[in-house]
Amino acid sequence: MAVTRPTRDDVKAFAQRFRYDYDDTEFDELHALAVAGLAGYDVVDELYVKHVEVEPPVRESQRPVDEENLLAAWYVRTEIAPLSTGVLDGRTVAIKDNIAVAGVPMMNGSRTLEGYVPREDATVVTRTLAAGATILGKSVCEDLCFSGSSFTSASGPVRNPWNLGRTTGGSSSGNAALLASGEVDLAIGGDQGGSVRLPASFTGVVGHKPTFGLVPYTGAFPIERTIDHLGPMARTVEDAALLLSVLAGPDGLDSRQTEATRGPGDLSTVADGVSGMRIGLVAEGFGIPGLSDPEVDEVVIAAAEALSSDGATVTRINIPEHLDAGALWGVIATDGATYQMLDGNGYGLGVEGYYDPHQMEYFARGKLDRGHALSESVKVTALTGAWGLQGLGGSSYAKARRLVPYVRAAYDAALAQVDVLVMPTTPFTALPLLEAGDDRAEYLRKALSMIGNTAPFDVTGHPATSVPAGLVSGLPVGLMVVAPRFDDALALRVAAAVQARIGTLKPPRPARHV
């Protein structure tokens, strides 16, 4: 086997990119030397085929017909039987389409990956099947998972079962719609800026972003390795905790899992109530100028204060750094995603652990051939990130990373005063989907304006659970519980106490469309 060789013009273009000052007559020699340097690449190809390469299993799947996909939430349907029996016996699961299911098409919401078929299951898929669950298909996600709304996927907008004209939230948009409408029992989503919790909030289900590194990201399409998370979604807190118990723990392949052996805390305590707990309402998470709906704030405060009847102490707490954390996320996600996801073809380079070379190669071609079809949120991020990396030399990213301990310490200090932090998951209820006449600025507002409370904890790594707190004008409101790192069980325990008072939410039949 031999890797593809560059042409003389390719070598010349690379030299110009690095601003090497060669005379044109020198490129015959430079081309020959560059080609000679690829001999070792051929050896690696042969060794990979011999020792690592696997063929994908044969698994039947099909794109759903419109009348069987009314919310446009399924990307492909399949039925993969469990590998053994376990705690998920009899449960059905949707897998977000940024997570590899071997032998089943994976699009990641984007034309740039359309047609790709993974060869290996993601670790979370293997664990779910081993625990007795049946996978019913891949759920639609946003274009390269870079949107908090549900209209950027190349397959079309995902509709909220509470109101068909509204967003489900994203980027785990299909998961939320399928759970809220009762089509699956459980779902596995991804969260880099809130993408498990935002759709949970907008559709009245439960979404948990685990402590960073607790759940292996192996086999999922990355955005930026320091903010990549996978987590459970369900209709109840108890089911989310059960799925987390299956997903959590090191797999020996994911470089993000340096502390994963610490575990999620004691998940058997989820139903133990909140008597004696100190619950802190984060002042900076409410009343966000130009964003917060006062009625949403009121619903969340009322749901939290009701826990005082269960023996909890509910107080206000100030964390001024919460207002700064979004800026850190913005730089890390923008420069980091441009560097790793776009320039680095998803996986980037430079760390040990799992890589999917076939996906990297496929995406590298796809982003060049079909990059024009990317969403506006991805394109604008790429343009800004390109300047951050080239014009600013990546210095802003470096500064943001060095500031993360400062912001993390502020939350940790608050969590030394109270047991958990509480705020609205989203500052408003589900926005309308993209409409005719919306300009690019409105597109970006609808795609990204809801992440102010969720994104900081992707940067700091704290576990956070969104649980329904009630309704405003017939649309769900999410309450977010944040706990100390590697005490996921505590966040879920407080969320379960909220659920015990509010109950689970079920969308109306038929759904509205206004």
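Trainee: Hi! Before we start, what counts as a helix here?
Mentor: A helix is a DSSP run of H or I that is at least four residues long, and helices are numbered from the N terminus. Keep in mind that this is a predicted model.

Trainee: Got it. Where do E376 and K379 lie?
Mentor: Both are in helix α11, which covers residues 376-391. They sit three residues apart, about one turn of the helix.

Trainee: And how do their side chains meet?
Mentor: The side chains of E376 and K379 form a salt bridge, at 4.0 Å from N to O. K379 is partly exposed, with a relative accessible area of 26%.

Trainee: Why would residues three or four places apart point the same way?
Mentor: An α-helix has 3.6 residues a turn, so residues with that spacing point the same way.

Trainee: Nice. What about R365, which residue is its salt-bridge partner?
Mentor: That would be E361, with the closest N and O atoms 3.7 Å apart.

Trainee: How many salt bridges does the structure hold?
Mentor: There are 26 salt bridges. One of them joins D438 and K446, whose closest N and O atoms are 2.8 Å apart. D438 is partly exposed, with 24% relative accessible area, while K446 counts as buried at 2%. Elsewhere, salt bridges with shared partners link R8, K12, D24 and D28 into one network.

Trainee: Which of its residues are buried?
Mentor: In α11, E376, S377, V378, T381, G385 and G388 are buried. The buried residues of α11 pack against α9, α12 and α13. Just after α11 comes G393, which takes a positive phi of about 70 degrees.

Trainee: You mentioned α9 and α12. At what angle do they pack?
Mentor: Helix α9 (residues 322-342) and helix α12 (residues 395-417) pack at about 145 degrees, and their axes are 9 Å apart. The crossing of α9 past α12 is left-handed.

Trainee: Which residues meet there?
Mentor: From α9 they include L328, V331 and I332, and from α12 they include L403, V404 and Y411. By class, this contact has 11 nonpolar, three polar and three charged residues.

Trainee: Switching topic: where is the cis peptide bond?
Mentor: It joins G170 and S171, with omega of about 10 degrees. S171 lies in the loop between β4 and α5.

Trainee: What about N108, what is its phi?
Mentor: Phi of N108 is near 55 degrees, a positive value in a residue other than glycine. N108 lies in the loop between β3 and α4, and it is buried, with a relative accessible area of 0%.

Trainee: And F486, buried or exposed?
Mentor: F486 is buried, at 8% relative accessible area. It has a positive phi of about 65 degrees, although it is not a glycine. You will find F486 in the loop between β12 and α15.

How values were computed
Residues are numbered from 1 along each chain as its sequence is written. This is a predicted model: local features need pLDDT of at least 70, side-chain atom pairs count only at pLDDT 80 or more; totals for chains, interfaces and linings use all residues. Side-chain values use heavy atoms; hydrogens and water are left out. Axes are lines fitted to C-alpha atoms, for helices over the stretch in contact, and angles run from 0 to 180 degrees between N-to-C directions. Helices (H or I, at least four residues) and strands (E, at least two) are DSSP runs, numbered from the N terminus. A crossing is left-handed if the near helix is turned anticlockwise from the far one by less than a right angle, and right-handed if clockwise. Contact means heavy atoms within 4.5 Å. Ala, Val, Leu, Ile, Met, Phe, Trp, Tyr, Cys and Pro count as nonpolar, Asp, Glu, Lys and Arg as charged, and the others, Gly among them, as polar. Buried means under 20% relative accessible area, exposed over 50%, partly exposed in between (1.4 Å probe, protein chains only).
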